[in-house]
There are 2 protein chains.
Amino acid sequence: MKSSDLIAAFLLDSLEKADGLVELQRNELAQQFNVVPSQINYVISSRFTPEHGYIIESRRGGGGYIRIRRVKQDKNVHIMHVVNAVGNRLNAMNAEVFLRNMLDYSYLTPQLFRVMRAAVSDNALSAIPLDCRDTVRAEIMKHMLLSVIA
Amino acid sequence: MKSSDLIAAFLLDSLEKADGLVELQRNELAQQFNVVPSQINYVISSRFTPEHGYIIESRRGGGGYIRIRRVKQDKNVHIMHVVNAVGNRLNAMNAEVFLRNMLDYSYLTPQLFRVMRAAVSDNALSAIPLDCRDTVRAEIMKHMLLSVIA
DNA sequence: TTCATTTTGGTCAGAAAAAGTCAAATTTTA
DNA sequence: TAAAATTTGACTTTTTCTGACCAAAATGAA
């Protein structure tokens, strides 16, 4: 059995027991599974992404941690659907369409709509080179949407 | 739990109870939390700055003190102040600090706070090269804040 | 008053304690 | 065998903690 799978299984189990919220210390966990610390990052970034329904938060320095939060999917199915529909790239026009649609269905308040539109607007993202702007926009959009669910 | 967080929590609690004005003795407080005195300075300068909405006054010599005062401001003024304070670059930690402060003052709803935090988190922006990430973050933050005012 | 002593708080740099990044090397899978 | 997934470790960044030394205010003696 691969280490990554073992670690992922452990984290899934912990999430189950802890009702969707688990906090870990990278070095400690790495030691428990006898792998280098950066492998914890690999496991998380390959299996606990927003697309998989998880939000990651972390802190460095003394007393640092990595926190994994599972977002509920049974409710907010529509929003999850949008998250998946966004995919890897998202242009400004489609972003607007998605947002307006959610506003129309009252999945978003008008204020939330304005803020999210501002965040993914071409104005806000103008410093990003065109070739990766839509990728970044997709990421921001997905993270914002998941935070609404969480 | 980190000492710094414990001390900050204690100070926030004191501020709450004392209606926004608290006065302390550096050495005494350091002793209570079993840290060196300069750590009190660290906690204050990392968490109770003007940007966070606090004013610090102090006096040396016999009967010396450190006074922390929370200042209340008009909502839009405060938000504009944050917009200005953001400047051209903004790292993830300061972003969090600004947002949390606005949340504390009820300038943002908890949901708005979560969404905005998600939008400027390092996770959402990980596709952007490090050397321009903080610039983009600053832009996104400012656009979102302005959309709240508008 | 003047000035030495004591009592505070202030600064800063370095150590320590985490987590993050990236790309090369290896292993697995199709 | 070629592509994808995994493993590893060297290097970076962020945050916290500590201590040595500095500066200012109060106090008391000469």
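# Why do we call it that?

Guide: In this predicted model, a phosphate oxygen of DNA strand D is 2.3 Å from an N or O atom in the side chain of A:Y42.

Visitor: What makes that a polar contact?

Guide: The cut-off is a pair of N or O atoms within 3.5 Å, and the A:Y42 pair sits at 2.3 Å, so it counts as a polar contact.

Visitor: Which elements give two or more residues to the surface near DNA strand D?

Guide: Those are α1 (3-17) and α3 (38-47) of chain A, plus α1 (3-17) and α3 (38-47) of chain B. The surface divides into 5 nonpolar, 12 polar and 8 charged residues.

Visitor: How do you know whether A:C132 is buried or exposed?

Guide: Buried means under 20% relative accessible area. A:C132 has 17%, so we call it buried, and B:C132, with 18%, is buried as well.

Visitor: What makes A:K142 and A:E51 a salt bridge?

Guide: The side-chain nitrogen has to be within 4 Å of a carboxyl oxygen. Here N to O is 2.2 Å, so the pair passes. A:K142 is in helix α7 (residues 130-149) of chain A, while A:E51 is in the loop between α3 and β2 (54-59), 91 residues apart.

Visitor: Why is A:K142 called buried but A:E51 partly exposed?

Guide: A:K142 has a relative accessible area of 1%, which is under 20%, so it is buried.

Visitor: What about B:R117 and A:E57, how do you know their salt bridge joins two chains?

Guide: Their side chains meet at 3.8 Å, N to O. B:R117 lies in helix α6 (residues 110-120) of chain B and A:E57 in strand β2 of chain A, so the pair joins two chains. B:R117 also meets B:E96 in a salt bridge at 3.5 Å. Salt bridges that share partners tie A:E23, A:E57, A:R67, A:R69, B:E96, B:R100 and B:R117 into one network.

Terms used:
Residues numbered from 1 in each chain as written. Chains lettered and ligands numbered in written order. Predicted model: local features only at pLDDT ≥ 70, side-chain atom pairs only at ≥ 80, totals over all residues. Heavy atoms only, no water. Polar contact = N/O pair within 3.5 Å; in protein donor to acceptor, adjacent residues only side chain to side chain. Helix = DSSP H or I, 4+ residues; strand = E, 2+ residues; numbered from the N terminus. Nonpolar A, V, L, I, M, F, W, Y, C, P; charged D, E, K, R; others polar. Buried < 20%, exposed > 50% of the residue type's maximum accessible area, 1.4 Å probe, protein only.
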